[in-house]
Amino acid sequence: MKAIWNGVVIAESADTVVVDGDHYFPAESLKKEYLSFSNHRTSSWKGQAHYQSLFVNGEMNADAVWSYPEPTEAAAELKGRVAFWKGVQVID
């Protein structure tokens, strides 16, 4: 699977976990040079989501990446993984 935004592959892995229709990539598959800080947080049955923004080819995509640093027991498989939204394409 590949995660693409603004014409650039920002993550790639054959090891994704699908939860609620979202592909969660191993955090180490994410190209860190495209990440930017965000202090945005949300909560769900999976725990508290921490967001990061993307900065690719001079464009910012705020809060487009999220992870669960301390997922709930029911979502334990998401620890160490990241997912995408806000126009990030996830393709096979």
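Q: Which residue of strand 9 does Trp66 stand opposite?
A: Trp66 stands opposite Ala83. Strands here are DSSP runs of E with at least two residues, and helices are runs of H or I with at least four, both numbered from the N terminus.

Q: How many bridges pair strand 8 and strand 9?
A: Three bridges, and the pairing is antiparallel. Two strands count as paired if DSSP finds at least two bridges between them.

Q: Before we go on, what kind of model is this?
A: A predicted model: local features need pLDDT of at least 70, side-chain atom pairs count only at pLDDT 80 or more, and totals for chains, interfaces and linings use all residues. Residues are numbered from 1 along each chain as its sequence is written, and side-chain values use heavy atoms, with hydrogens and water left out.

Q: Thanks! Back to strand 8: how does it pair with strand 7?
A: Strand 8 (residues 59–67) runs antiparallel to strand 7, with six bridges joining them. Within that pairing, Phe55 has Met60 of strand 8 as its bridge partner.

Q: What sits between those two strands in the hairpin?
A: Two residues lie between strand 7 and strand 8, and in this hairpin Asn57 takes a positive phi near 50°.

Q: New topic, aromatics. How many aromatic pairs does a search of the whole structure find?
A: It finds six. Rings of Phe, Tyr and Trp (its six-membered ring) pair if their centres lie within 6.5 Å; planes under 30 degrees apart are stacked, over 60 edge-to-face, and the rest tilted.
A: One of the pairs is Phe25 with Phe84, which is edge-to-face at 5.4 Å centre to centre, with 75° between the planes. That pair links distant parts of the chain, since Phe25 is in strand 4 (residues 22–26) and Phe84 is in strand 9 (residues 81–84), 59 residues apart.

Q: Are Phe25 and Phe84 buried or exposed?
A: Phe25 has 0% relative accessibility, so it counts as buried. Phe84 is at 6%, so it counts as buried too. The cut-offs are under 20% relative accessible area for buried, over 50% for exposed, and partly exposed in between (1.4 Å probe, protein chains only).

Q: And what about Tyr51 and Trp85, how are their planes set?
A: They form a tilted pair, 6.4 Å centre to centre with 50° between the planes. Tyr51 belongs to strand 7 (residues 47–56), while Trp85 is in the loop between strand 9 and strand 10, 34 residues apart. Tyr51 counts as buried because its relative accessibility is 10%, whereas Trp85, at 40%, counts as partly exposed.

Q: Now zoom out. How many helices and strands are there in the protein chain?
A: Zero helices and ten strands. The radius of gyration is 12 Å, close to the 12 Å that the globule rule gives for 92 residues, so the chain is as compact as a globular protein of that length. That radius is taken over C-alpha atoms, and the rule is 2.2 Å times the number of residues to the power 0.38.

Q: How much of the chain is buried?
A: Buried residues make up 41% of the 92 residues.

Q: Last one: what is the strand order in the open sheet of three strands?
A: The order is 2-1-10, with antiparallel pairing. Strand 2 (8–12) and strand 10 (89–91) are the edge strands, each pairing on one side only. Strand 1 (residues 2–5) pairs with strand 2 over four bridges, and Trp5 has Val8 of strand 2 as its bridge partner.
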